[in-house]
Amino acid sequence: MNNLYRKIALVLALVFAFCALMITPQLTEVEAAGTYNSGTRHVAATSLSSQAAAYYKGDYTFSSLSGQTPDTIKSKLYTLMSTTMTDSVSYTSLTSYWPYTDASGGKTGTILFYSDTVSSSFNREHVWPKSRAGFYQKNGGSDLHHLRPTNTAVNSTRGNMTMGNVRGVLSSYSTYSYGGNTVLYYNSAADLVEVNDNVKGDVARILLYVYVRWQQPNLYQNVASADLPPMDSDDDANNGYKVIESLDTLLEWVELDPVDTWEMSRNDLIEGIQGNRNVFIDYPEYAWLIFGLDVPDDYQTPSGNGGTVGNSPTPTPEGYTPTPTPLITATPTATPTSTPIVAQQGDYVLVTDINQITEGDYIIYGVNGNYDGAMNNICTSSRMGAEDVTITNNTIKNPSSSIVWHFSSVQDLGGSKGFSIYNAEAEKYLTIYRADSSGYLLSDTADTFTATEDSRYTNGILMESGTTLGRYISIYQEDFRSYGTSNYKQSYLYKRVDEVTPTATPTATPTATPTASPTGEIFYGDANCDNAIDASDATAILRHVVHLTTLNAQQLINSDVDLNGEVTAADASCILRYIVHLLPTLGK
């Protein structure tokens with residue numbers, strides 16, 4: 001009998017043990033190993049992890065792929081990330097992984113996306129909005145590389161708006177703060193939201209991952225419904241709207257916020273769970289290569305500066321022949337004593353030809369969306385300040401000495417100009433000393449800059465540092481930053497009027513109206529001779545006045561609508577007043 005009781009007790013013990021095993025939550029891979037993210041936010045990853053180095057083999061090494069066509073690179077990366085994704089997690093289980101993959105400093109405490117704060121309370125954020133994708137809570141909708149933990153209110157405010165630059169671009173916008181810091185800048189009517197600079201790279205690399213791994217085409221362009229991929233079984237809405245405003249913004253964000261060691265550690269942990277990696281974290285160079293663009297030469301990546309892997313040089317991208325920038329060999333090292341601080345007095349006019357750049361005083365003027373300004377001599381956090389200026393007829397009158405820069409030792413360098421840039425008030429040279437968007441320094445030693453015409457903008461001038469190649473003078477929002485090739489904004493030069501030498505067009509406007517008309521008829525107001533009077537005629541006159549174009553004899557006759565014997569901006573004003581019926585007639 002006792003044996004029977006012992007057998008019954010043993011069976012019951014086994015049953016209880018089995019039941020306990022069944023109801024005990026199973027540990028995830030990272031929990032079982034007790035592994036937390038050991039990286040550090042905003043400390044640049046200067047090397048690949050051992051896991052990352054082992055992931056890229058055979059045809060998938062950077063040296064093998066980087067020389068291929070953009071379509072081939074994108075296709076290969078898709079194959080690599082999809083075939084190595086041997087496991088997936090469920091939407092509901094995401095929250096059990098994040099305390100490990102998104103941990104802070106190798107211990108408990110989850111870092112919330114967008115706000116960069118630590119909390120134990122969070123919800124699930126589709127960085128690529130699910131309303132603009134073919135997934136919902138499966139596949140791309142439950143991918144650890146894609147979804148991130150966020151504060152509920154921040155997530156709700158972010159909504160599904162297009163990522164983009166708001167500050168310094170939109171005249172009005174709202175902000176949202178969390179944890180004592182502003183984390184979102186947005187305008188719902190404009191469908192635009194901006195995150196802080198130290199999160200922009202993370203956002204861009206996630207969007208690139210989803211674009212390639214999950215084949216979502218509407219990255220920076222709206223896509224018609226007929227051209228969208230099929231939706232997952234649990235998804236019923238994809239409007240095809242773009243998720244970031246432009247390719248320029250995407251690449252600007254990638255470069256502005258480099259990969260940090262925390263991102264690299266997170267990539268390692270997710271590889272241990274899903275089997276695949278976000279290739280744009282290990283090799284952000286692919287952000288340029290999949291679009292057929294050149295990787296900035298000085299761009300620091302985990303694989304090495306400029307995409308170098310180990311000691312092997314990066315293959316030259318197809319169709320690209322690098323052209324070295326010539327340097328000025330003799331750079332003055334002493335502060336010149338001949339530059340007067342009163343050099344700002346006088347009129348500064350727009351430089352319309354690179355050949356007009358000679359020794360002299362200049363204003364460096366930048367435009368970025370709705371924001372513009374002249375670079376001053378205040379260097380804060382390695383960025384140069386910007387000041388508002390008034391520009392009338394492409395002329396700046398009597399500027400403050402803080403925005404006047406003296407170009408010296410000017411040399412012709414085969415299609416470009418080389419020079420140093422000095423501010424007399426500060427008694428310092430402008431220098432870009434490091435390959436970073438915050439790389440400026442006012443120094444006693446000159447940097448050498450090369451200037452070329454910026455083909456993207458009429459009269460735009462592109463100025464590159466000779467000390468730190470691939471870094472250009474560029475306005476950002478409320479300051480000037482040292483940007484890489486892909487994301488610099490338009491810059492213009494204004495030179496003291498008594499130093500400007502026109503290259504073709506005579507500077508003197510005819511003082512007398514020609515007495516004979518080539519056609520025998522005068523059509524006052526029709527400055528461009530298209531047999532109509534509209535705003536384009538006023539524009540034609542203004543372009544003639546500032547020497548951007550030249551009116552012919554008939555056009556000059558038609559343009560002198562106030563009959564004072566010369567063509568001036570006053571004639572353009574008369575035409576505009578006539579168009580809106582404030583002036584009854586022209587030429588009387």
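The largest cavity in this predicted model is lined by His145, Arg148, Asp202, Arg205, Ile206, Trp262, Glu263, Arg266, Asn267, Ile270, Asn278 and Ile281. The space inside this cavity amounts to about 90 Å³. In the structure as a whole there are 6 cavities of 30 Å³ or more.

Let me turn to where the lining comes from. Two helices, α8 and α10, each contribute at least two residues to the lining of the largest cavity. Helix α10, spanning 261-274, provides the largest share, with 5 residues.

Helix α8 brings me to my second topic, its packing against helix α5. Helix α5 covers residues 70-83 and helix α8 covers residues 197-213; the two pack at an angle of about 90°, and their axes lie 9 Å apart. Because angles of 65 to 115 degrees count as roughly perpendicular, α5 is described as roughly perpendicular to α8.

Which residues of α5 and α8 make the contact? On the α5 side they are Lys74, Leu77, Tyr78, Met81 and Ser82, and on the α8 side Tyr209, Tyr211, Val212 and Arg213. By class, the contact of α5 with α8 contains 6 nonpolar residues, 2 charged residues and 1 polar residue.

Terms used. Residues numbered from 1 in each chain as written. Predicted model: local features only at pLDDT ≥ 70, side-chain atom pairs only at ≥ 80, totals over all residues. Heavy atoms only, no water. Axes fitted to C-alpha atoms, helices over the stretch in contact; angles between N-to-C directions. Helix = DSSP H or I, 4+ residues; strand = E, 2+ residues; numbered from the N terminus. Parallel < 35°, antiparallel > 145°, perpendicular 65-115°, else oblique. Contact = heavy atoms within 4.5 Å. Nonpolar A, V, L, I, M, F, W, Y, C, P; charged D, E, K, R; others polar. 1 Å grid on protein atoms, 1.4 Å probe; cavity = no way out; pocket = protein on both sides within 12 Å on 5 of 7 lines; lining within 4 Å. Points joined across faces, edges and corners; volume = space filled by probe spheres on them.
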